[in-house]
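Good morning, and thank you for the time.

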Amino acid sequence: MLFWLTLVDICINWLFAYPDVLDQYPSSLDRYFDYGRSIEGKVSRMVNNTVDSSDPIIAAGWIDPQSWRSLPSVPKDDNDLLLAYYGMSFAEDISLALGELDDDITLRGIGGPSAPPNHSYAAYMADEAGRNADVALIGVLTSSVKRMRSLSGMSWSYEHPAPYSYPYYQLNSSGNLVAVEPVISSASEFVSEFNRKGPQWQRFLAQMTQYDVAFDAVVFNESWVDNSALLRLIRRGWANRVRQRSDYGLYDAVTGFNAEAVEIKTLKVMLSDFVATARDNDQLPIILLISDSGYGDSLYKVLSPHLQSLDTLSLSTHELVPSDNPANFIDDGHFIPAANYKVATALQEMIADTDVANE
């Protein structure tokens, strides 16, 4: 039996070998049998000697103000509004639709793949040039709230890891935010340390072990298991169990978010700080809650009382684009274009009714 299993394993690896060339796209079966590869194993395929020669995702999402210098910092015309948005691809798609609907809005966008609120909050706070914006919008994706339990985009995106990092926030005894800064904080640093696997990389792993509830050494560490198609399938099943276990205490598909979870309490403080900072900078703050498929109004339910207390502009997409309707989503889980424009139209109307639009 071991002989035949080994033979099957060898045949699968040969027939459905994952391409080693960055610009060669794998087939669906290639991807299926490779999903169980370790996170380090997947990332090693993306990383080359430099950021420019690596896969483009290596450069995405880092909180690095130097890389934002090419973004607009003033409106394109004197009478225009500059809107700075922070979030993930959902927030970007909606903001781009808003820019198409209203020629008088100039966009400045900073985000990361499936960026959690701590990434968006940290990006806003680090974006000094963004203080020139008339409107500051922060997007909160329902599924990404769980990623607040981390400081990297790798472990929560097991099948498609994104290696960017961001602070992990805790509340001190006074209820204020305290940031745990990642020891690797830029794409160039990541490429260097990942290739070297030296002390800095080990410190980064130690941080993930401590602050990332989805981090699992069996799933993350590259090992001889990566060479076996059958063992990769088993590890993929284990990875799904780890991901489900990571929801414990924060989210349940039946009851929604736990209002007493420390992440929800931390998120409320983040949103309060965002609104207060924006107002101090004479900006109009907007909080956009984005309900992706399967999450309903769970985020709105747990945050709506707090948003009302902040007395700021906010919008939840579940009111316009029900997340239980598959027709509102494309195959990769994002909104269809019509849904983006529907939300963008509501934002446009909200902004038009403010003093910022009439100054």
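I begin with a term: a residue is called buried under 20% relative accessible area, exposed over 50% and partly exposed in between, with a 1.4 Å probe and protein chains only. The model shown is predicted, so local features need pLDDT of at least 70 and side-chain atom pairs count only at pLDDT 80 or more, while totals for chains, interfaces and linings use all residues. Residues are numbered from 1 along each chain as its sequence is written, and side-chain values use heavy atoms, without hydrogens and water.

Tyr 295 has a relative accessible area of 16% and is therefore buried. Tyr 251 is buried too, at 13%.

Now to the ring pairs. Rings of Phe, Tyr and Trp (its six-membered ring) pair if their centres lie within 6.5 Å; planes under 30 degrees apart are stacked, over 60 edge-to-face, and the rest tilted. That rule gives 15 aromatic pairs. One of them joins Phe 215 and Phe 220: with centres 5.1 Å apart and planes at 45°, the pair is tilted. Both of these residues, Phe 215 and Phe 220, are buried. Tyr 251 and Tyr 295 also make a tilted pair, because their centres are 5.2 Å apart and their planes stand at 50°.

Finally, a cluster: Trp 62, Phe 190, Phe 194, Trp 201 and Phe 204 belong to one aromatic cluster.
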